[in-house]
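Please examine the model shown here before reading the notes on selected features.

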Amino acid sequence: MADRGGDGIYGTEPGRSGRTAIVLMNLGGPDRPEAVRPFLFNLFSDPAILRLPGLVRRPLAWLIARRRAPVAREIYGQIGGRSPILPLTEAQAGALQRELGGEEDETSLRCFIAMRYWHPRAAETAAAVRDWGADRVLLLPLYPQFSTTTSASSVAEWQRVAARAGLNAPTRALCCYPELPGFVAAQAESVVEAVRALDAEAPSGTGKRRPVRLLFSAHGLPKRIVEGGDPYQWQVEVTAAALAEAVSDSLPERVPLDWAVCYQSRVGPLEWIGPSTDAEVERAGADGVALVVVPIAFVSEHSETLVELDIEYAELAKRVGVPGYRRVPAVGTAAAFIDSLAGLVAAELELLGSAGQAVGGEGRIGRAAGRLCPADAAGCPCGSMIGS
Ligand SMILES: C=CC1=C(C)c2cc3[nH]c(cc4nc(cc5[nH]c(cc1n2)c(C)c5CCC(=O)O)C(CCC(=O)O)=C4C)c(C)c3C=C
Ligand SMILES: [Fe+2]
Ligand SMILES: [Fe+2]
């Protein structure tokens, strides 16, 4: 456990709260083939995803889930019929709890998990946090880049179910961390390794080094959501620029290198932000550059990294003549990432009052480090009350 200075975050000081719950929030995924359809129904019932009145949304969600289920079941079938997102999130929760010192003293600090669309759902977790007797709660979305469709949706759901569960402890939510140093460093290390491996396997003899392109692939969003002020795309670009800089700083070899941001996993008839990852793979084939594909909006592996990036786009790359293809793993429990996340948690907890010690940050969503988004990002929630 790293020393984070100050009087600690575990509530040992007299008058400070005794029990701190950190709630790691993620999307969740089906744990068996029969769970695929209800998981999809939960996803498309979310007003942050399908922006229609409830009376239309719920029957439409039922129809879309029924139509999408066979395709999605086939996707999950390629990775054993289930999503690995829960066990991988549990590993992150364990690592973060250890880093925060919670393992030594589980009565003071505990990491919980709340998934948005599959178990453990937020309502189950809110009941567990209440029964544990939390005195303060920090919501920690495992999405580095804020989106109204992910972090905001999870935090809003928590607000509803916590009230219903009678969980009244002061609560704060972290909005985003697209430039978190440990996140960028952990990814940069894997990227550098992949670039070196591609460089080493390139045929020698021509006297020229094979050019490599870094493809920063993020989950896409419908264009109209971004046009409505959602800062996700802007924050994805912040991550990409930070990562490109970190890679060029730690790659002294002169491998000809460029980079591009692209978006994967489009579903439905709407226009999504681009360029799409498949179009970028095709462009790499036409340009004759090798690819290092980096999943920059996910912190753990799941269907979209293991199937789309590792199988579908790897096959496409072969078909269109991309001369080398490597996919960098999601950061998972990389020490640099968990260490940085623990530092973020400590800073946010400073803004979260404890029993009888309100400090002004409770009830709010934001970043202790201050607002990052540009002024015209209407969807940035920094500083606002949770649920407002
Ligand atoms: C940055 C993360 C994510 C954003 C933004 C996001 C938006 C978004 N997603 C859909 C529809 C689907 N997403 C699905 C799976 C899925 N999505 C994310 C993350 C983001 N989604 C993850 C981590 C996963 C994988 C879960 C797992 O495998 O465990 C699916 C289900 C799979 C499939 O059928 O392809 C759908 C559907 C929309 C419509 C959307 C924005 C409006
Ligand atoms: Fe998604
Ligand atoms: Fe913001």
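The briefing below covers a metal site, a strand residue and a helix pair. This is a predicted model, in which local features need pLDDT of at least 70, side-chain atom pairs count only at pLDDT 80 or more, and totals for chains, interfaces and linings use all residues. Residues are numbered from 1 along each chain as its sequence is written, chains are lettered from A and ligands numbered from 1 in the order in which they are written, and side-chain values use heavy atoms, with hydrogens and water left out.

**Iron site**
- The iron ion (ligand 3) has C373 (SG) and C380 (SG) as its protein donors, at 2.3 to 2.4 Å; donors are N, O and S atoms within 2.8 Å of the metal (3.2 Å for Na, K and Ca), and water is not among the atoms, so sites may look incomplete.
- C373 is buried at 8% relative accessibility, and C380 is buried at 9% (buried means under 20% relative accessible area, exposed over 50%, partly exposed in between, with a 1.4 Å probe and protein chains only).

**Residue L174**
- L174 lies in strand β4 (residues 171-174) and is buried, at 1% relative accessibility; strands (E, at least two residues) and helices (H or I, at least four) are DSSP runs, numbered from the N terminus.
- Beyond neighbours within four places in sequence, the contacts of L174 include L139, L344 and I365 (contact means heavy atoms within 4.5 Å).

**Helices α4 and α5**
- Helix α4 (residues 122-132) packs against helix α5 (residues 151-165) with axes 9 Å apart and at an angle of about 50°; axes are lines fitted to C-alpha atoms, for helices over the stretch in contact, and angles run from 0 to 180 degrees between N-to-C directions.
- α4 is therefore oblique to α5 (under 35 degrees counts as roughly parallel, over 145 as roughly antiparallel, 65 to 115 as roughly perpendicular and the rest as oblique).
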